[in-house]
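Here is a short briefing on how one protein fold is put together. Please look at the sequence and the model first.

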Amino acid sequence: MAAAEPSERDFDHLRRRMVEEQLRDRGIRDERVLEAMQTVPRHRFVSGWAASAAYEDEPLAIGLSQTISQPYMVARMTELLELDPDSRVLEIGTGSGYQAAVLGELAGEIWTIERHDELARKAAELLQELGYLRVHVVAGDGTLGLAEHAPYDAIVVTAAAPRIPQALLDQLADGGRLVIPVGDRSMQRLRVVTRRGESFDEKDVLGCRFVPLVGVAGYADE
Ligand code: SAH
């Protein structure tokens, strides 16, 4: 007999363990971020058999060679954005919509851009079904940012950039933060850039591995 599908209660339990062991014990301190990670049903953002692995300490495949980052990376990047309930946020790389949902728990208005139409459409449907009505999914090339809703208090890029796209710096509000993995296609460093007027203060945070950011100010399509 096949094993029974985990119930919502099982998932809730797995999620609680994820928050304690993978996030709190490893130094994620922001209680609002921990609460958001406890609330968003990560298993809903992956399909079929992959749902049972949703709360493990690893990235998850979402099709079209793309992945949702490991829970720790999502939490760490979110913490670095220093969101408050009024923040206007831009995400580049919607993917499944999971990171966008976490942002939706913490910020005021969120725009998220995805270059694959099919992923954008699926993510928009799911986010709506789950009630994330302040998260707006846009299909397009996020390396150009989204000028019509700028400036943003926080911008997060969830794909690896060869260099920091100028448009994203231009669209950052004064005092705003940009969190972005920068490096080659196989390895990157996560950086945080804070805007102070016309100067940009840059900090190196940790090593990471993301799928490539493909676009005009990113990598060429292979
Ligand atoms: N944040 C996502 C995971 C991102 S995976 C989640 O929580 O599920 C990286 C995503 O960035 C992929 O879906 C990829 O198609 C997308 N991407 C890559 N280059 C892009 C670009 N220039 N503009 C928008 N999306 C891009």
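Predicted model: local features only at pLDDT ≥ 70, side-chain atom pairs only at ≥ 80, totals over all residues.

Residues are numbered from 1 along each chain as its sequence is written, and side-chain values use heavy atoms, with hydrogens and water left out. Helices (H or I, at least four residues) and strands (E, at least two) are DSSP runs, numbered from the N terminus.

**Helix H1**
- H1 covers residues 8-23, which is 16 residues.
- At 1.5 Å a residue it should span 22 Å, and its end C-alpha atoms are 21 Å apart, which agrees. The expected span is 1.5 Å times one less than the number of residues.
- Phe11, Arg15, Met18, Val19, Gln22 and Leu23 are buried in H1. Buried means under 20% relative accessible area, exposed over 50%, and partly exposed in between (1.4 Å probe, protein chains only).
- Helix H2 (31-39) and helix H3 (71-81) pack against the buried residues of H1. Contact means heavy atoms within 4.5 Å.

**The sheet**
- Seven strands form an open sheet in the order E5-E4-E3-E6-E7-E8-E9, with mixed pairing. Two strands pair if DSSP finds at least two bridges between them.
- E5 (135-139) and E9 (199-208) are the edge strands; each has a single partner strand, so one side of each lacks a neighbour in the sheet.
- E6 (residues 152-157) runs parallel to E7 (residues 172-183), joined by 4 bridges.
- E3 and E6 also run parallel, with 4 bridges.
- Alanine 154 of E6 is the bridge partner of valine 89. Arginine 177 in E7 is also a bridge partner of alanine 154.
- E6 is mostly covered, with 5 of its 6 residues buried.

**Helices on the sheet**
- H3 packs on the sheet and touches E6, E7, E8 (188-196) and E9. Its direction makes about 165 degrees with that of E9.
- H4 (residues 98-106) lies across E3 (88-92), E4 (109-114), E5 and E6. H4 runs at about 170 degrees to E3.
- Axes are lines fitted to C-alpha atoms, for helices over the stretch in contact, and angles run from 0 to 180 degrees between N-to-C directions.
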